[in-house]
Amino acid sequence: MFNSSVLLKEYDLKVTPQRVAIVDELYKNGHMNIDELYQNLLKKFPSISLATIYKNVNAMVEKIFLNEVKIPEAKSVYELAKEEHSHLVCSSCGYIEDIHVDTSILNESIATISNFKVEDTKVVFSGICSKCQ
């Protein structure tokens, strides 16, 4: 069973009602931008500020508890940290899906054609999801 409080403590993050709510929303929805988080949390905490959301999300990103996913031509979304993966993004409806792709071939190819050592690979594929096709 998923327990936000235990997970926050494992990452040495202070357990607050706002942080628990952020984690619960991301667990439930997968990928969300700051505005979506803010709108959902306003229902639970009517006096919460956008600055509080930013402050807490940034603190969780610094601890590598959350990952920021930079989406081309859209706001970044956040997700709970998990094993390395790439993302499929529908350019029609904005749906985001995790996909596991072996990027080692890309990293090796880059090392062959350049004297650059890739340490991290973030790949976002854009296209049209099955619902929008």
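1. Helix α2 (residues 17-29) and helix α3 (residues 34-44) have axes that come within 10 Å and cross at roughly 125°. The structure is a predicted model, and the remarks below should be read accordingly. An angle over 145 degrees would count as roughly antiparallel and one from 65 to 115 as roughly perpendicular; α2 and α3 are therefore oblique to each other. The crossing of α2 past α3 is right-handed.

2. On the α2 side, the contact is made by Gln18, Ala21, Ile22, Glu25, Leu26 and Asn29, which meet Leu37, Asn40, Leu41 and Lys44 of α3. By class, the residues of this contact comprise five nonpolar, three polar and two charged.

3. The largest pocket has a volume of about 380 Å³. Its lining consists of 19 residues, and those nearest the centre are Ile71, Val89, Gly94, Tyr95 and Ile96. Strands β3 (86-90) and β5 (124-127) each contribute at least two residues to this lining. The lining of the largest pocket divides into 10 nonpolar, six polar and three charged residues.

4. For the second largest pocket, the volume is about 310 Å³. This pocket is lined by 17 residues, with Asn67, Glu68, Glu79, His85 and Lys122 closest to its centre. Strand β1 (residues 66-69) provides the largest share of the lining, three residues.

5. Which classes of residue make up the lining of the second largest pocket? Eight of its lining residues are charged, five are nonpolar and four are polar.

Technical notes: Residues numbered from 1 in each chain as written. Predicted model: local features only at pLDDT ≥ 70, side-chain atom pairs only at ≥ 80, totals over all residues. Heavy atoms only, no water. 1 Å grid on protein atoms, 1.4 Å probe; cavity = no way out; pocket = protein on both sides within 12 Å on 5 of 7 lines; lining within 4 Å. Points joined across faces, edges and corners; volume = space filled by probe spheres on them. Helix = DSSP H or I, 4+ residues; strand = E, 2+ residues; numbered from the N terminus. Nonpolar A, V, L, I, M, F, W, Y, C, P; charged D, E, K, R; others polar. Axes fitted to C-alpha atoms, helices over the stretch in contact; angles between N-to-C directions. Parallel < 35°, antiparallel > 145°, perpendicular 65-115°, else oblique. Left-handed = near helix turned anticlockwise from the far one by under 90°. Contact = heavy atoms within 4.5 Å.
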